[in-house]
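Here is a friendly note to go with your first look at this model. Have the ligand and its surroundings in view as you read.

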Amino acid sequence: MEDSLLIQTYRGTRGKRPPVWFMRQAGRYLPEYRAIREKHPMLEVIRTPELSAEVTLQPIRRFGFDAAIIFADILNPLIGMGIKLDFVEGEGPKIENPIREKSDIEALTVPPVQENVGYTLAAIEIVTAELKKTKTPLIGFAGAPFTLSSYLIDGTKADRAQGAKRFMVREPEGWRILQEKLCELVTEYLVAQVEAGASAVQLFDSWLGAVGLPEYELFVEPYLKGIIKAVKDRTKVPVVFFATNVTGIFHKLPELGADVIGVDWRLSLTQAADSIGRKAPLQGNLDPVLLTTPGEYLDLSVRRIIEEGRELPGHIFNLGHGILPSTPIEAVSRVVELVQTEGR
Ligand code: CP3
């Protein structure tokens, strides 16, 4: 997949146009996804390699995206650590036994990756065999320790990750042990996904915007650096780092050592590039809400992002965050077509 548009661009070589894929491109906005979900709960889809593979391929067949992303969640790998996770209809993920104190952290185990998430590794093998035919690369992924900790401690998506932020300050030693366990889990998981066939990996730190700069430097950054370095030492694939709402720490992100940085819509691509001195290819950054309003303004926004992308060391067209369930299919086709034709 080295000569695919995605991997070339991830490595900093501009291709004939920006590659395009969308975060959460497999999901409820697709009728064929909803048909599967009507018969199978979320965790069953994730844990059944054939279903996960099928759902991963659905958006590729329909839109011809330049990359697939394996269908799983950032949270299911926590189940093997002893966490009771459920996806509650209409509410999102819920953890039944959140972490309250240091002893809860000591009880968490890091099981061998094959035993814990062998189902995702098997799905990756099915998907990559299929994607060879169209030379489409597959992206593997994992959640980053801060965002995972926020779910582990708060039990669900909490306002400003309050529990996690209180915990890191009150129980710094517990926090350190938790981060080290999560680093091991995430590193082994990402490396195993590459060994199973993934051509790139993305680390999602979706709730990182909740922390200020001093806490980022003290409680978060060292662990992110550790994971990215370990994955880069042990594999040859590009690593993408994605976080949202990180305007105040964006300038620090190149120090993490990732090949590519994801940008949400709160910064324009130009602002993001200026704040890091145009050091890395950027991935983003259409506001997913705009994708629910097909029409002239959406077209204009896509063209603006394509134009800003021309001034970067590389640009991968994506959304600023995951696609919304209310997104019309026509809007997705329209954006892909615009990038394919006008990105040249
Ligand atoms: O991008 C993809 O297509 C790959 C699959 C993927 C999912 N979750 C599937 C999913 C990926 C990469 C994720 C990552 C994820 N999961 C993140 C990081 C990225 C982000 O969006 O911030 C986070 C924070 C989660 C946790 C999570 N999982 C939430 C908050 C929710 C509920 C939100 C919702 O839309 O219901 C989930 C459930 C989830 N994960 C769904 C999908 C398709 C919806 C489940 C369903 O079918 O009902």
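How far is an oxygen atom of the ligand from an N or O atom in the side chain of Arg28?

1. The distance is 2.3 Å. This is a polar contact (a pair of N or O atoms within 3.5 Å). Ala26 takes part through a backbone N or O atom, 3.4 Å from an oxygen atom of the ligand.

2. A word on the basis: the model is predicted, with local features needing pLDDT of at least 70 and side-chain atom pairs pLDDT 80 or more, while totals for chains, interfaces and linings use all residues. Residues are numbered from 1 along each chain as its sequence is written, and side-chain values use heavy atoms, without hydrogens and water.

3. Around the ligand there are 23 residues (a heavy atom within 4 Å). Arg24, Arg28, Tyr33, Ser206 and His321 come nearest. By class, this shell has 15 nonpolar, four polar and four charged residues, with Gly counted as polar and Tyr, Cys and Pro among the nonpolar.

4. The ligand sits in the largest pocket, meaning that more than half of its atoms lie within 2 Å of the pocket's grid points. A pocket here is an open set of points on a 1 Å grid over the protein atoms alone, where a 1.4 Å probe fits, with protein on both sides within 12 Å along at least five of seven lines.

5. The lining of that pocket (residues with an atom within 4 Å of a point) comprises 42 residues, and Arg24, Arg28, Met42, Asp73 and Pro93 lie nearest the centre.

Methods. Polar contact = N/O pair within 3.5 Å; in protein donor to acceptor, adjacent residues only side chain to side chain.
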